[in-house]
Amino acid sequence: MPDPSQLAAASVRTLAPYVPGKPIEELEREYGIRDIIKLASNENPLGPGAKARAAIAAASTEIGLYPDGGGFVLKQALARKLGCANDGITLGNGSNDVLVMLAETFLTQGVEAVYSQYAFAVYPIAVQATGATARVAPALPESHPMALGHDLDAMAALVNDRTRLVFVANPNNPTGTWVEAAPLKQFIAGLPANVIVVVDEAYIEYAQDECDQDGGFPDTSRWLQEFPNLVVVRTFSKAYGLAGLRVGYALSSPAIAGLLNRVRQAFNVNSIAMAAAVAALDDTEHLQKSAKLNRDGMHQLEAGLDQMKVRRYPSRGNFVLVDCARPVGPVYESMLRQGVIVRPVGNYQLPTHLRLTIGTHSQNERMLGALRQALGS
Ligand SMILES: *Cc1c(COP(=O)(O)O)cnc(C)c1O
């Protein structure tokens, strides 16, 4: 057999795979240490709430049957919660699945997608796999108050006749940066009507909590009527604490949802995930508790990092990007040896940065202590 890479599509041959956070079990195996904490993948340190846990146990008795491929019950629960119609909802095996469906639906060789430098790593993978061309807008400079964030003007300047998709992560991962409602609305309104704009709101529950005071975080699901070319993408992986079950969704016009449904795998979301998501939506208490834990942890990290004089970037997510001002490999390694897994972001061309997920109070203390020791400061 010849080298199979010669047989692969050119668009796949040149792809760099997604780099996940290091699993706890892997660190246990490699270093032989115990009592490890993972603050590397922006998971909710509380996990799911009691209602979701009970729903998971109940649904596990039904797994001999295929799930509802139409996702009726979850769509109904989302529609009620968000005030939208069932036929504008597309469920995904994580929102990653939805992002890939969007790329498969609208992209092919010869057309283009626009996103920002340092935008979420799934966009380049989903775009390039289709053979389409990625147009990457330079991020806002270090001197800007929203350093490394999306420059909406620079993104708009890359839109042309070949553009099919524009991705905006709000807030963005790994930077934590965000765009405000007014400029975002102006940006969307300024796009040609035949360009689909995807606003990825994976952290919106945290962002809304953190900005209760100053006018509110943009909830673009309210703009769907106004902009038929808008797609809002959300997930149960972050604030809802269901990352391991893989469930996310897109909100769009029924016409776009109908197109996504053509490429969607028939049973892409499993029955336990859907049952857990329905229960999680109904558990506002757990969501509020998770948001408060995050808000307190954010303050704790900010204070600790400032004390260490480590540069940090503003964040509306459940994580903080920091610049260690040195190649970060040895810092990451030292933290691993101390049993703390964080996320180096060299894959984003940020070789001196780490992304720190906010954990519980004691996890945050341990992470800050491990970072302090690793930096020798
Ligand atoms: C974590 C994340 C997602 C989604 O993850 P899923 O687990 O696939 O739902 C999507 N977008 C951004 C920006 C994220 O950080």
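Predicted model: local features only at pLDDT ≥ 70, side-chain atom pairs only at ≥ 80, totals over all residues.
Me: Why is α12 called roughly parallel to α14?
Reply: The axes of helix α12 (residues 284-308) and helix α14 (residues 361-375) cross at roughly 15° and come within 10 Å. Angles under 35 degrees count as roughly parallel, over 145 as roughly antiparallel, 65 to 115 as roughly perpendicular and the rest as oblique, so α12 is roughly parallel to α14. Here axes are lines fitted to C-alpha atoms, for helices over the stretch in contact, and angles run from 0 to 180 degrees between N-to-C directions. The helices and strands themselves are DSSP runs (H or I of at least four residues for helices, E of at least two for strands), numbered from the N terminus.

Me: Which residues make the contact of α12 with α14, and what are their classes?
Reply: G297, Q300, L301, G304, L305, Q307 and M308 in α12 meet H361, N364, E365, M367, L368, L371 and R372 in α14, where contact means heavy atoms within 4.5 Å. By class there are 6 nonpolar, 6 polar and 2 charged residues in this contact, with Ala, Val, Leu, Ile, Met, Phe, Trp, Tyr, Cys and Pro counted as nonpolar, Asp, Glu, Lys and Arg as charged, and the others, Gly among them, as polar.

Me: What makes α5 and α10 roughly perpendicular to each other?
Reply: Helix α5 (residues 95-106) and helix α10 (residues 254-263) pack at an angle of about 95°, with their axes 9 Å apart, and α5 and α10 are therefore roughly perpendicular to each other. In this pair M101, L102, E104, T105 and F106 of α5 meet I256, L259, L260 and V263 of α10. The residues of that contact divide into 7 nonpolar, 1 polar and 1 charged.

Me: Why does K38 count as partly exposed?
Reply: K38, which has its place in strand β1 (residues 37-38), has a relative accessibility of 22%. Buried means under 20% relative accessible area, exposed over 50%, and partly exposed in between (1.4 Å probe, protein chains only), so at 22% K38 counts as partly exposed.

Me: How do you know that the side chain of K38 is joined by a polar contact to that of E43?
Reply: The two side chains are joined at 3.0 Å, and a polar contact is a pair of N or O atoms within 3.5 Å, where within protein one must be able to donate a hydrogen and the other to accept it, and residues adjacent in sequence count only if both atoms are side-chain atoms. The side chain of K38 also makes a polar contact of 3.2 Å with that of S41. Not counting residues up to four places away in sequence, K38 touches G21, K22, I24, E43 and I341.

Me: Why does N42 count as buried, whereas R246 counts as partly exposed?
Reply: N42 counts as buried because its relative accessibility is 1%, whereas R246, at 30%, counts as partly exposed. N42 is in the loop between β1 and α3 (50-59) and has a positive phi of about 60° although it is not a glycine. R246 is in the loop between β7 (230-235) and β8, and R246 has a positive phi of about 65°, although it too is not a glycine.

Me: What makes K238 a buried residue, and which residues does it touch?
Reply: K238, which lies in the loop between β7 and β8, counts as buried because its relative accessibility is 13%. Leaving aside neighbours within four places in sequence, K238 is in contact with S41, N42, N44, A202, Y203 and Y206. A polar contact of 3.2 Å joins the side chains of K238 and Y203.

Me: Where are the cis peptide bonds from N170 to P171 and from N173 to P174?
Reply: P171 has its place in the loop between β5 (163-169) and α8 (181-190), and P174 is found in the loop between β5 and α8. Omega is near -5° for the bond from N170 to P171 and near 15° for the bond from N173 to P174.

Methods
Residues numbered from 1 in each chain as written. Heavy atoms only, no water.
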